[in-house]
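I opened the notebook with a few things to look up.

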Amino acid sequence: MIPHEWRETLPRMSSSPNALCFGHEFPTSGVPCLVQIGLQGLTVVFTSDGQEQQEDIPFTALSISVGGLDHDHLVLKWPSKQGERLLYLKDAELIRTFRRVAPPSVHIPFEQAASVARLARWRRMGAWGVAFGILLTGVAGLWWGSDLLVALAVERIPVEWERKLGEAAYRELLARQDLVKEGPAVSAIQEMTRRLVEQIPHNPYKFEVTVVKSDVVNAFALPGGYIVVFTGLMQNAACAEEVAGVLGHEIHHVLQRHGLERIVKRLGLVVAASILVGDQRGFAGLMKQFSVEFVGLTFDREQETRADIAGLHLLYDAKIDPFGMIRFFERLSANDEGRMEWLSTHPMSRGRAERLTAELAAMPQLTPVPFTFDWAAVRESLGAPPSAEP
Amino acid sequence: MRSEILYPGAFPLVKIELSAGEQIKAESGAMVGASPTIDVESKMEGGFLGALSRKLLTGEKFFFQTLRASRGPGEVLLAPTVPGEIVILELDGVTEYMVQKDGFLAGADSVRIESKMQSFARGLIGGEGFFILKIGGKGPLIINSFGAIHRIDLKPDQEYIVDNSHMVAWSATTSYTIERASSGWVASFTSGEGFVCRFRGPGVVYIQSRNPGGFGAWIRQFIPVSE
């Protein structure tokens, strides 16, 4: 039996239970008990039905380990008369006192247990750190590498699919439009297209250009080689070379697959967003998204600039006066305030004209070959005066 | 507070009698009925950030409701959302329970609730998400399950294996590791178990007799798909 004086050497820290005791005759959930630490050992006080029962355990009888779900309990084990007893301590103050008071024989196993607990904590934090690191890298990779991913994805889509995609949208769009099916305007556009397309090496596309009656000064391209030119553009162009410039630009939207890039980017966002939000119906909306994408098909500024430069080179190769394209942008810039409708994603026309002028200056002198049609007659066939106001 | 489980089984109610001035906390939306002396307040347990982290991390409700017998003694009826049993645990101030996020129904005001980050592996494949509730303090804690609640008693170093989606609550003195159900990867998944948790005593583990995720997957096949 251990003398009672042990307990008197340290102040009584608390009177409510501060540990759980497990043993064969105890309930499996453990019995709350009050542990007090003295200079020679522990005193464990159990209270049941108002009766206090206590057990004194010398430090020498204890074996020490770490337990609990997160290795955050100090586990003390000793053999008692009723069999093996386990004490689970979590109270930080109690554990500190134990560490301070425990004799050297207990000190070493205590420090070993503490290092097990620390190691478990570090490993847990380390796993989280690695997980967050991977997540961050993934997000950063997607953020910075999304263009590359889009380019890779676009590259894998066969031209045949692109044609089918484009054609479906093209037919639907044209069904609601008033088309110019024949006449000088159509043959002029066909001649321009033929001269430009002839200059494209290894052309996988069969370009189809349609003239649509509309006052809108614009033209647009759909994936797969489908191009629409509005009569408004032709009525406002002072010469055929200006229209050819716009055509060259649109042809390069097709060749560089800008439409597909936009679709893949948009789809990527929708898919990513629906995964993040967990909205299964997001996928159902994808097909709708397709049609919306086609109708409102707009390119970003970088794509516009690339199409401008490549279009200029195409004009040059086709021996069509590239100044027409530049002049057209200059005239557009004079109207940037709004009379001519031009999509907002297009770079400001003045900047475009300047960039093209600089590009052209670096190219050798060109002797243009004129078109076979009379532009004034084409304009007249569309109901515009023979010459556009400058 | 004095609590009693009415209609034990799949669709139980808890009746809690409060003396004047006494209050309890409950999952928001858990109240079914109450005496006119009871006031219902919503409270962000653990302050705004605590509530926010609980909401974002464990998916638990942002607000708990506080039911206070402010105008004299009265009673409150509480019920969980899902069909299943209710168990009342008496917390002694020392014992702590880990409770998966849907397991908490109500508790005495002196019951302490915090959300706790699990280890990465447990969070990823343990089936209760990355964060669980750690509930300690003193007084009655009322937990609910999907299906019946089964109690497993573990002596020191005794082990027991539980399917990861059937866990409800377990005492903090138990520890568990996650492992494959069978020795091979293919067998683990073709056996339909995938991962299991190997619990090790001492302590108590409460499991639920039905798997909410499995039930959801089963019922989904009967739901007509719109669009």
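Which residue forms a salt bridge with A:D72? I looked it up and found A:K90, with the closest N and O atoms 3.8 Å apart. I note at the start that this is a predicted model.

**Entry: the A:K90 pair**

I placed the two partners next. A:K90 sits in the loop between β7 (83-89) and α2 (92-101) of chain A, and A:D72 sits in the loop between β5 and β6 of chain A. The pair therefore ties together parts that are 18 residues apart in sequence. A:K90 is partly exposed, at 29% relative accessibility. A:D72 is partly exposed too, with a relative accessible area of 27%.

**Entry: across the interface**

I then followed A:K90 to the other chain. Its side chain meets that of B:E96 in a salt bridge, 3.0 Å from N to O. The count between chain B and chain A is one salt bridge. I also looked for polar contacts across this interface and got six residue pairs, both residues at pLDDT 80 or more.

I read the buried area as about 2,300 Å² between the two chains, with 61% of it on carbon and sulfur atoms. B:V94, B:F120 and B:T173 supply 24% of the area that chain B buries against chain A, more than any other three residues.

**Entry: salt bridges within a chain**

I counted salt bridges over all chains and got 27. I picked A:D70 with A:R124, whose side chains meet at 3.7 Å, N to O. This pair links distant parts of the chain. A:D70 is in the loop between β5 (63-67) and β6 (73-80) of chain A, A:R124 is in helix α3 (residues 104-156) of chain A, and they are 54 residues apart.

Is A:D70 buried or exposed? I found A:D70 buried, with a relative accessible area of 9%. A:R124 is at 21% relative accessibility, which means it counts as partly exposed, since buried requires under 20%.

In chain B I looked at B:R198 and B:E179. Their side chains meet in a salt bridge at 2.9 Å, N to O. B:R198 lies in strand β17 (residues 195-200) of chain B and B:E179 in strand β16 of chain B, so the pair ties together parts that are 19 residues apart in sequence. B:R198 is partly exposed at 27% relative accessibility, and B:E179 is partly exposed at 23%. I then traced shared partners. Salt bridges join A:D72, A:K90, B:E96, B:R112 and B:E114 into one network.

**Entry: helix α12 of chain A**

Does the end-to-end span of α12 agree or disagree with what its residue count gives? The helix has twelve residues (323-334), so at 1.5 Å a residue I expect 16 Å. Its end C-alpha atoms are 17 Å apart, which agrees.

I listed the buried residues of α12(A): A:G324, A:M325, A:I326, A:F328, A:F329, A:R331, A:L332 and A:S333. Among what covers them I found α6 (231-236), α7 (240-255), α11 (301-317) and α13 (349-361) of chain A.

I took A:L332 further. A:V217 and A:L332 are 115 residues apart in sequence and 9.7 Å apart in space, C-alpha to C-alpha. A:V217 lies in the loop between β9 (208-212) and β10 (219-222) of chain A. A:V217 is buried, with a relative accessible area of 4%.

**Entry: B:Q65**

Where does B:Q65 lie? I found B:Q65 in strand β6 (residues 64-68) of chain B. B:Q65 counts as buried at 8% relative accessibility. A polar atom of the B:Q65 side chain lies 3.3 Å from the backbone nitrogen of B:M31. Leaving out residues up to four places away in sequence, I listed what B:Q65 touches, including B:I24, B:A30, B:M31, B:V40 and B:L78.

Methods: Residues numbered from 1 in each chain as written. Chains lettered and ligands numbered in written order. Predicted model: local features only at pLDDT ≥ 70, side-chain atom pairs only at ≥ 80, totals over all residues. Heavy atoms only, no water. Helix = DSSP H or I, 4+ residues; strand = E, 2+ residues; numbered from the N terminus. Expected span 1.5 Å × (residues − 1). Buried < 20%, exposed > 50% of the residue type's maximum accessible area, 1.4 Å probe, protein only. Contact = heavy atoms within 4.5 Å. Buried area = accessible area lost by both parts, 1.4 Å probe. Salt bridge = Lys/Arg side-chain N within 4 Å of Asp/Glu carboxyl O. Polar contact = N/O pair within 3.5 Å; in protein donor to acceptor, adjacent residues only side chain to side chain.
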